[in-house]
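This briefing is for a reader who has not seen this structure before. Please look over the sequence and the model, then read the points below beside them.

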Amino acid sequence: MAFATHHIIRTLTSSSARNAAIKHITIIGGGQMGAGIAQVAASTGHTVVLVDTSEDILKKAAKGIEGSLKRVVKKKFADKPEAGQEFIQNVMKNVSVSTDAASTVQNTDLVLEAIVENLKIKQGLFSALDKAAPPHTIFASNTSSLPITDIASSTARLDRFGGLHFFNPVPMMKLVEVIKTQSTSPETFDALMAFSKALGKSPVTCHDTPGFIVNRLLVPYMMESVRLVERGHGSKEDIDMAMKLGAGYPMGPFELLDYVGLDTAKFIIDGWFEMEPENPLFAPSPMLNKLVAEGKFGKKNGEGFYKYK
């Protein structure tokens with residue numbers, strides 16, 4: 001009888017997920033990624049609640065969204081300033097902020113997490129929200145490197161859990177990686193794909209493997225560039241120039257590493273190495289480790305492979 005009841009409840013939940021479009025989104029994390037996703041979602045008519053633990057972060061995020069929208073208006077409404085101002089007001093009406101995640105998720109279709117890349121912190125967050133969110137609510141993580149399956153394991157809604165990996169800056173980058181685990185239901189995956197398209201993005205299907213698609217190719221490329229320098233087979237300047245002029249890339253690998261953040265790159269490669277220590281593509285880099293140990297993280301603090309001060 002218990003099995004039959006569980007089956008009926010799950011069937012009803014899956015049916016409602018299939019028929020209901022994602023309209024109300026709760027975004028956890030008011031940093032650059034969270035604010036960018038909030039802007040795009042609000043601009044496409046979704047109701048958005050941006051959640052963070054700090055009122056100051058939320059004020060900064062709201063100010064950043066409005067500033068970004070003003071830049072959009074300068075291009076799209078150059079000859080119609082009044083229409084541009086109305087556009088900003090309408091978008092900002094779709095965004096609210098909160099420091100109370102548990103109460104916010106009680107009436108939402110999608111909870112999207114964009115916080116620090118720490119598995120235990122993400123698991124703790126989703127475990128708590130799983131108890132507060134209604135059964136139909138889909139959970140998703142914006143992680144760029146952690147296994148979605150491991151994050152989802154902290155909840156009881158494995159079938160309603162997936163990944164939505166956006167790229168920075170979110171308003172400009174068209175790609176979204178939609179990640180499905182072995183437990184993600186077809187209804188959940190379809191809803192996440194439809195949501196991504198509703199945002200005006202181009203979603204691609206990914207399985208829950210290290211780095212998904214983009215970072216799985218990009219991070220080893222950047223790491224092999226560092227190894228070229230470590231082996232004395234090229235300078236960072238020549239490698240950057242070669243990839244820009246020979247491959248048509250907008251940035252060379254060392255410029256890109258500085259943009260991404262050397263600490264972020266080290267965190268990703270260390271995590272993958274821990275998962276697959278026998279994979280030579282995931283081997284740590286002494287040069288990268290040294291720079292991070294010296295506090296040289298890239299553009300964000302003024303020095304990485306290059307100096308920016």
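The structure is a predicted model. The protein chain holds 13 helices and 8 strands. Its radius of gyration is 21 Å, close to the 19 Å that the globule rule gives for 309 residues, so the chain is as compact as a globular protein of that length.

**The chain as a whole**

- The C-alpha trace of the protein chain spans about 65 × 60 × 35 Å along its principal axes.
- Of the 309 residues in the protein chain, 45% are buried.
- Among contacts in the protein chain with a separation of 6 or more, 65% are between residues 24 or more positions apart.

**Helices H10 and H11**

- Helix H10 covers residues 236-246 and helix H11 covers residues 253-260; their axes come within 7 Å and cross at roughly 100 degrees.
- An angle of 65 to 115 degrees counts as roughly perpendicular, and H10 and H11 are therefore roughly perpendicular to each other.
- On the H10 side, the residues that meet H11 are Lys 236, Ile 239, Asp 240, Met 243 and Lys 244. On the H11 side, they are Pro 253, Phe 254 and Glu 255.
- The residues of this contact between H10 and H11 divide into 4 nonpolar and 4 charged, with no polar ones.
- Met 251 sits in the loop between H10 and H11. Its relative accessibility is 30%, so Met 251 counts as partly exposed.
- Apart from neighbours within four places in sequence, Met 251 is in contact with Lys 244, Leu 256 and Tyr 259.
- Met 251 and Gly 295 are 44 residues apart along the chain, and their C-alpha atoms are separated by 23 Å.

**Helices H9 and H13**

- Helix H9 and helix H13 (residues 286-293) pack with their axes 8 Å apart, at an angle of about 100 degrees. That angle makes H9 roughly perpendicular to H13.
- H9 contributes Met 223, Val 226, Val 229 and Glu 230 to the contact, and H13 contributes Pro 286, Met 287 and Leu 288.
- The residues of the contact of H9 with H13 divide into 6 nonpolar and 1 charged, with no polar ones.

**Thr 184 and its surroundings**

- Thr 184 lies in the loop between strand S7 and helix H8 (186-198). At 10% relative accessibility, Thr 184 counts as buried, because the cut-off for buried is under 20%.
- Leaving aside neighbours within four places in sequence, Thr 184 is in contact with Leu 158, Asp 159, Phe 161, Gly 162 and Phe 189.
- The side chain of Thr 184 reaches the backbone oxygen of Phe 161 at 2.7 Å. A polar atom of the Thr 184 side chain also lies 2.9 Å from the backbone nitrogen of Thr 181.
- Thr 184 and Pro 277 are 93 residues apart in sequence, and their C-alpha atoms are 28 Å apart in space.

**Arg 160**

- Arg 160 is found in the loop between helix H7 (148-152) and strand S6 (161-166).
- The relative accessibility of Arg 160 is 13%, so Arg 160 counts as buried.
- Its side chain makes a polar contact with the side chain of Asp 159, at 3.2 Å. Asp 159 is also one of the residues in contact with Thr 184.

**Ala 132 in helix H6**

- Ala 132 belongs to helix H6, which covers residues 119-132. With a relative accessible area of 22%, Ala 132 is partly exposed.
- Beyond neighbours within four places in sequence, Ala 132 is in contact with Ala 102, Val 105 and Gln 106.
- Ala 132 and Asn 107 are 25 residues apart along the chain, and their C-alpha atoms are separated by 9.5 Å.

**Backbone features in two loops**

- A cis peptide bond joins Asn 168 and Pro 169, with omega about 0 degrees. Pro 169 is located in the loop between S6 and strand S7 (175-180).
- Phe 212 is not a glycine, yet it has a positive phi of about 60 degrees.
- Phe 212 is placed in the loop between strand S8 (202-207) and helix H9 (214-230). Its relative accessibility is 5%, so Phe 212 counts as buried.

Note on methods:
Residues are numbered from 1 along each chain as its sequence is written. This is a predicted model: local features need pLDDT of at least 70, side-chain atom pairs count only at pLDDT 80 or more; totals for chains, interfaces and linings use all residues. Side-chain values use heavy atoms; hydrogens and water are left out. Helices (H or I, at least four residues) and strands (E, at least two) are DSSP runs, numbered from the N terminus. Buried means under 20% relative accessible area, exposed over 50%, partly exposed in between (1.4 Å probe, protein chains only). A polar contact is a pair of N or O atoms within 3.5 Å; within protein, one must be able to donate a hydrogen and the other to accept it, and residues adjacent in sequence count only if both atoms are side-chain atoms. Axes are lines fitted to C-alpha atoms, for helices over the stretch in contact, and angles run from 0 to 180 degrees between N-to-C directions. Angles under 35 degrees count as roughly parallel, over 145 as roughly antiparallel, 65 to 115 as roughly perpendicular and the rest as oblique. Contact means heavy atoms within 4.5 Å. Ala, Val, Leu, Ile, Met, Phe, Trp, Tyr, Cys and Pro count as nonpolar, Asp, Glu, Lys and Arg as charged, and the others, Gly among them, as polar. The radius of gyration is taken over C-alpha atoms; the globule rule is 2.2 Å times the number of residues to the power 0.38.
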